[in-house]
Amino acid sequence: MNDELQHMKNLGKTSAQWLHAVGIHSASDLRRLGAVGAYKAVRARGFRASKVLLYAIEGALLDVHWSELPPGHKAELNHQLDAPIGHNKS
C-alpha cells in the first residue's frame, strides 16, 4: 500500500492509521486541517496520542524532525491547542 502520509517525515504506520481514521488521507488534507486541528481530531476519536504526535504532524508539514521544532514553536502549538475554538490565531 502506497500511503502518502507514511512518506512524510515523522509519520509512521500508527500515526497514519489514526489520521486516516479521522478522514485525513493525504498531505493536502493534513495541510488543510493543520497540526492542531489534526491532533484534536485524533484525540476526539479516542486515540491516546501524546503531544509528540502534535509535534510530529507539525514537523511533517514543515519537513523537519519533530525534535528540531524550537521550544517557542512547540509552546505556540500548545497555546493553540488550549485556546477556545475560534481563538487559535489572531
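Buried residues are those under 20% relative accessible area, exposed residues those over 50%, and partly exposed residues those in between (1.4 Å probe, protein chains only). The structure is a predicted model, in which local features need pLDDT of at least 70 and side-chain atom pairs count only at pLDDT 80 or more, while totals for chains, interfaces and linings use all residues. Residues are numbered from 1 along each chain as its sequence is written, and side-chain values use heavy atoms, with hydrogens and water left out.

Helices are DSSP runs (H or I, at least four residues), numbered from the N terminus. In α1, the buried residues are Ser-15, Ala-16 and Leu-19. They fall within an arc of 100 degrees seen down the axis of α1, so they line one face of the helix. The arc is that of the directions from the helix axis to the C-beta atoms. These buried residues of α1 pack against α2 and α3; contact means heavy atoms within 4.5 Å. Gly-23 follows α1 and has a positive phi, near 90 degrees.

The segment before α1 contains Asp-3. Asp-3 counts as buried, at 5% relative accessibility. Not counting residues up to four places away in sequence, Asp-3 touches Ala-16 and His-20. His-73 is 70 residues from Asp-3 along the chain, and their C-alpha atoms are separated by 28 Å.

Helix α4 covers residues 71–82. The expected span of a helix is 1.5 Å times one less than its number of residues. For the 12 residues of α4 this gives 16 Å, which agrees with the 16 Å between its end C-alpha atoms. Lys-74, Leu-77, Asn-78, Gln-80 and Leu-81 are buried in α4. They cover an arc of only 160 degrees around the axis, which puts them on the same side of α4. The packing partners of the buried α4 residues are α2 (27–44) and α3 (51–62). Lys-74 also lies over the face of Tyr-55, at 5.3 Å from the ring centre. A charge sits over a ring if NZ of Lys or CZ of Arg is within 6 Å of the ring centre and within 35 degrees of the ring normal.

In soluble globular proteins, nonpolar side chains tend to be buried together. A nonpolar core is a set of buried Ala, Val, Leu, Ile, Met, Phe, Trp, Tyr and Cys residues joined through side-chain atoms within 4.5 Å. The largest such core here has 22 residues. Leu-5, Met-8, Leu-11, Leu-19, Leu-30, Leu-54 and Ile-57 have the most contacts inside it. The elements giving two or more residues to this core are α1, α2, α3 and α4. Of these, α2 gives the most, with 7 residues. Met-8 touches Ala-27, Leu-30, Ala-60 and Leu-61, not counting residues up to four places away in sequence.

A search of the whole structure finds 1 aromatic pair. The rings of Trp-18 and Phe-47 have centres 5.4 Å apart and planes at 25 degrees, so the pair is stacked. Rings of Phe, Tyr and Trp (its six-membered ring) pair if their centres lie within 6.5 Å; planes under 30 degrees apart count as stacked, over 60 as edge-to-face and the rest as tilted. Trp-18 lies in α1 (residues 13–21) and Phe-47 in the loop between α2 and α3, so the pair ties together parts that are 29 residues apart in sequence. Phe-47 is partly exposed, at 21% relative accessibility. Gly-46 lies in the loop between α2 and α3 and is exposed, with a relative accessible area of 54%. Gly-46 and Trp-18 are 28 residues apart in sequence and 9.8 Å apart in space, C-alpha to C-alpha.
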